[in-house]
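This briefing is meant for a reader who is meeting the structure for the first time. Please keep the sequence and the model in view while reading.

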Amino acid sequence: RMFHDDELEESEKFYVGQPRVLLLIYALYNTLVARSEMVCYFVIILNHMISASMITLVLPILIFLWAMLSVPRPSKRFWMTAIVYTEVAIVIKYFFQFGFFPWNKHVDYTKDKPYHPPNIIGIEKKEGYVHYDLVQLLALFFHRSILKCHGLWDEDEKGDSHSNKEDTDDELSLTGGRRDSSASLKSVNLAASVESIHVHFPEQQTAIRRKSSSSISQLSHRSSFSSHRSKRGKSLYFLQYKLCVIISHCGLCCFRTLQVYVPIRQFFYNLIHPDYSAVTDVYVLMFLADTVDFIIIVFGFWAFGKHSAAADITSSLSEDQVPEAFLVMVLIQFGTMVVDRALYLKKTVMGKVIFQVILVFGIHFWMFFILPGVTERKFSQNTVAQLWYFVKCVYFGLSAYQIRCGYPTRVLGNFLTKSYNYVNLFLFQGFRLVPFLTELRAVMDWVWTDTTLSLSSWICVEDIYAHIFILKCWRESEKRYPQPRGQKKKKVVKYGMGGMIIVLLICIVWFPLLFMSLIKSVAGITNKPLDVSITITLGGYQPIFTMSAQQNQLKSLDPNEFNEFLRSYRGNTAALQFLEGYAREDITRADLEGNSNSLWTISPPSRNKMIQGLLDFDADFTLVISWTIQRTLEEVYPYYIKAPSDSLAKPIKQLLKDCKWENITVSLVKNTSEEWWVLNQLGKRQKTPQESLELFIFSDKVSPPSLGFLAGYGIMGLYASVVLVIGKFVREFFSGISHSIMFEELPNVDRILKLCTDIFLVRETGELELEEDLYAKLIFLYRSPETMIKWTREKT
């Protein structure tokens, strides 16, 4: 061995011999030390998510627009800015915790108001106001100690100061000869202070006094004209002095403006035009972060609207209503994904920088100033919005890393086609099953990629490439899991794959029946009536009886009454079959009082005419009880009514003895000046002495509200929309096999796959003529079966 040290070997043995838990702690600490800047970023973002104030807003913006964009690492100036800013924020928050401030006297009333100025600024009085700031300060000091231990603290500052000095000197020049003009700017000394001007002009005045003192005799004999002239000269000097002061102030302001503008401009210039860049591609991770945010918006959209908004998007869409807040958030999120794809395809770092700046300021302004007003609650109380913002911060970090490293020079194919295994195969096929996603991606790629192919030719190449990739995955799986010749398929494969397909097809065929049967019997909700009303009309005249039962008059059957009710129909098969679908809680007994709740108001002529009609037994006389019923008062009362999920209630003929309805008696009661009708049911189950009506209501179970929109289609609707549509795709899969044999049964697809990748490669390198030639070769290959056979033979 080149180097040997007993102490190091003993230390290594001692370390390896430690318990696994302790080794895990060592590993976590080393990870923490290696990524201490990420810990600082996380704590700063977490502090802002919980505080959600203007004080904590500054550092997250600086992270995404300064720290994460710095090459190769954030400078000492940033970390010192973060440390000093955190300390100042702690002092400010502590100062405003005293109770003599007016806004601290009604904290309980204003603590939940999102637009209360102290809440927006972050100076409100609350418990634990400084806990996360102290954790943030501790993380910053921890990172500073790590940098000092590795010698990256002071050395980084020296390098930054030297480079900043050179950059400032270069940027102050205005034309090609920047060094000369820079020197001239330094000779002018725009930073001259007012004191230097005060010193300069008294020297001139002293010289003038000395010159005048040497010729006192001449000055004593000057005329009044010369005296007036000297006064005018003094005023001229004063004007020159004031003018120089104004010019110096203007120059000082310009210089200070340049001191701020030039480093920022030079920072972004170096970012867009780096001397070298470690090209990387994190677009997939950015796309996944945007997709997660998209899912959060869809399933937690109520957090981005008013408190009165629906709990989920399905209940709103089932009512054919598209909430405005959901629509705006989805369109903005989808629009940013499209713009990000366009920038990725064009490989423009400048556009990505501009998009990053706009998105960082826009998202923070929306989430912390607009959204609290829309939701009428603070951002710190909106968990879904906090989760969405955290994922968006991950996206900002990935975007900053992409900007710092630069876009890749070549974008070849889909990221899911980088390897040929089952995972990539199923993910790629799932990607292609998403409606319009494949088409949208193909059109966007064609728009923002330099090519000579037409849109139809481009889509043709994409489809061939996708088809060949799928075949390549299957061929690779056949090589990994070979099937010997002459050996029958194993039962595990047959029953696993075939049995699953059989079960799936059976479930699809019988899904509507199973769904409609189980949704109400298993997951159904009892829908008891809230009001039962009876109205009886004789011959189309004024109603003679109106009564309703509510609350206490609607009673459920106890177990004994329910069992007695079932025993009464023991010999009736039709009635027992009907009662099989109802439980005890589905039956309600309505007790309606026999006396009408309204007086009988009828004109005397109509009254006499109705009496004549009743006395004529040979003529027909109609009777209406909530629905049209003819003939006399015998066998007219239904007694048992079924209340289905819709609004139409029907009598239950299976429970009526011999399918005959119950009899009721009708009598007219007269008072001195008033009269009303009294009805009484004969053969009531509850033998009550007073006149009354008794009604049993059987309530069908209804589907849960979350599945009501699906159950509303009914059995035929589900068959038409589910079974027939899915059956169409299944039939195409089984019936279209013979037409695609020459394109499916390809033993070796490596050459065709290489031809597709060559088309992508020459397109990225700008060889557009060669792209046309290779595309023509690909089309000829698919038009020539014999050539296809030669190209797809197994390699020998």
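The notes below go through charged pairs, cysteines and a surface patch, in that order.

The model is a predicted one. Its salt bridges come to a count of 21, while a search of the whole structure for disulfides finds zero. On the surface, a nonpolar patch is formed by Val492, Val493, Met497, Ile501 and Leu505.

**Salt bridges**

- Side chains of opposite charge can pair when their charged atoms come close.
- Asp750 forms a salt bridge with Lys472, and the closest N and O atoms of this pair are 2.4 Å apart. The pair links distant parts of the chain, since Asp750 lies in helix 29 (residues 750–764) and Lys472 in helix 21 (residues 455–480), 278 residues apart.
- Within this pair, Asp750 is partly exposed because its relative accessible area is 24%, whereas Lys472, with a relative accessible area of 8%, is buried.
- Arg441 forms a salt bridge with Asp445, with 3.7 Å between the closest N and O atoms. Because Arg441 and Asp445 are four residues apart in helix 20 (residues 437–447), they are separated by about one helical turn.
- Arg441 has a relative accessible area of 15% and is therefore buried, and Asp445, at 6% relative accessibility, also counts as buried.
- Arg35 forms a salt bridge with Glu37, where the closest N and O atoms are 3.8 Å apart; Glu37 counts as buried because its relative accessibility is 18%, which falls under the 20% cut-off.
- A network of salt bridges links five residues, namely Lys555, Glu561, Arg589, Asp591 and Glu694.

**Cysteines**

- A disulfide is a covalent bond between the sulfur atoms of two cysteines, and a search of the whole structure finds zero of them.
- Cys756 is in no disulfide, and the nearest cysteine sulfur, which belongs to Cys460, is 9.4 Å away. With 0% relative accessibility, Cys756 counts as buried.
- Cys405 is likewise buried, because its relative accessible area is 8%.

**Nonpolar surface patch**

- Val492, Val493, Met497, Ile501 and Leu505 together have about 450 Å² of accessible area in their nonpolar patch on the surface.
- Leu505, one of the patch residues, is found in helix 22 (residues 491–521), and Leu505 counts as partly exposed because its relative accessibility is 34%.

Terms used. Residues are numbered from 1 along each chain as its sequence is written. This is a predicted model: local features need pLDDT of at least 70, side-chain atom pairs count only at pLDDT 80 or more; totals for chains, interfaces and linings use all residues. Side-chain values use heavy atoms; hydrogens and water are left out. Patches are made of residues with over 30% relative accessible area and no salt bridge: like charges are joined within 9 Å, nonpolar side chains (Val, Leu, Ile, Met, Phe, Trp, Tyr) within 5 Å. Accessible areas come from the Shrake-Rupley method with a 1.4 Å probe; for residues, only the protein chains shown count as cover. A salt bridge is a side-chain nitrogen of Lys or Arg within 4 Å of a carboxyl oxygen of Asp or Glu. Helices (H or I, at least four residues) and strands (E, at least two) are DSSP runs, numbered from the N terminus. Buried means under 20% relative accessible area, exposed over 50%, partly exposed in between (1.4 Å probe, protein chains only). A disulfide is a pair of cysteine sulfur atoms within 2.5 Å.
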